[in-house]
Amino acid sequence: MRELALHFLDLLRNSVEAGARIVELDVAEETASGLLRFELRDDGRGMDETTLARATDPFFTSRTTRRVGMGLALMRACCERCGGELSVASQPGQGTVVTGHLLVSHLDCPPLGDMGAVAQSMACEADAVEFVYRHRVDRKVFSLDTRRIKAKLGMHTLGAAEVLSWIREHVNEELRRLHRGRRTASGG
Amino acid sequence: MKTREELQALRERARAALAVRDQEGGARVVIAMGTCGIGAGAREAMTALLDELAQRGLSHVTVAQTGCKGLCDQEPVVEVCTPGAPAVTYGHVTPHVMRRIVAEHIVNGQVVSEYAIGTASEAN
């Protein structure tokens, strides 16, 4: 994947396909260490031990009719290539937690990329799945919660194109604000 | 600056658009957002679609996402259903093709045949 954002989108799609009602994504960048840490939590149907053990195997999918694919395997490979790691904790009925980190200064590390488009894609599902996204750069934090936006709009869905376009630009502007004033290898 | 005030201003327009969608029913566009789709540029197709819909004020068009449909070599794959017409599946949908689909298929009812890879026998 050309951007970390595309990896995140891929994992978030797994959560949606796993029937999650709430998906939370936390991303934290530390300038001093050059580390980017992330944690994705969902309340989807989860995986049993056997499935979990094979979840990051690129040649495994739990789907019978195309449900979960190579996303975890690709992201794990990306983390390991960039001096980091990825782990998955899950139980049937208990949801799934994906935790990982990587070095953004690593030559092989893709840029952060268009996180606004990721939020846009998740917001498009907001009539069924709530999305909470927090992004920290050192001490500065940005957060987005689809429940908050829906309340602000007085709507049960965020599916209107104008709203989704606003969300993408809003997220990308806020992330630029977080990155302003510091030199970073993470792009975005 | 994308302020929260701007979001507030969108409120009435978005509500009106959704009311039209509920009443009249509009086109529905489904983007395959599996790993293969994402890797091939499905997200870029989606942002182009939403951008085009927002610019043209076509908020009554429903945008949905699905997983891999088994047409990985044709990704990005997008399905377009317009009222009263068979659903059309498109392959290799770059942002440019996506914008053409909006202008030619959704607005003018003309299938962009060079990118169409299949047509459902009945509308849904």
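Start by selecting chain B, where you'll find four helices and five strands. Keep in mind as you look around that this is a predicted model.

Now color chain B by secondary structure and walk along from the N terminus. You'll pass the elements in the order α-β-α-α-β-β-β-α-β.

Next, zoom out a bit and take in the overall size of chain B. Its C-alpha atoms fill a box of roughly 45 × 35 × 20 Å along the principal axes. Does the radius of gyration of 15 Å agree or disagree with a compact globule? It agrees, because a compact globule with 124 residues would come out near 14 Å.

Stay with chain B and look into its interior. What percentage of the 124 residues count as buried? The figure is 38%; here, buried means that 20 or more other C-beta atoms lie within 10 Å of a residue's own. Then think about who touches whom: among contacts in chain B with a separation of 6 or more, 70% are between residues 24 or more positions apart.

Time to bring chain A into view and select the place where the two chains touch. Chain A puts 32 residues into this contact, and chain B puts in 33.

Last stop: color the chain A side of the contact by residue type. You'll see 14 nonpolar, eight polar and 10 charged residues there.

Note on methods:
Residues are numbered from 1 along each chain as its sequence is written. Chains are lettered from A and ligands numbered from 1 in the order in which they are written. This is a predicted model: local features need pLDDT of at least 70, side-chain atom pairs count only at pLDDT 80 or more; totals for chains, interfaces and linings use all residues. Helices (H or I, at least four residues) and strands (E, at least two) are DSSP runs, numbered from the N terminus. The radius of gyration is taken over C-alpha atoms; the globule rule is 2.2 Å times the number of residues to the power 0.38. A residue is buried if 20 or more other C-beta atoms lie within 10 Å of its own, exposed if 12 or fewer, and partly exposed in between; C-beta atoms are placed from the backbone. Two residues are in contact if their C-beta atoms, placed from the backbone, lie within 7 Å. Ala, Val, Leu, Ile, Met, Phe, Trp, Tyr, Cys and Pro count as nonpolar, Asp, Glu, Lys and Arg as charged, and the others, Gly among them, as polar.
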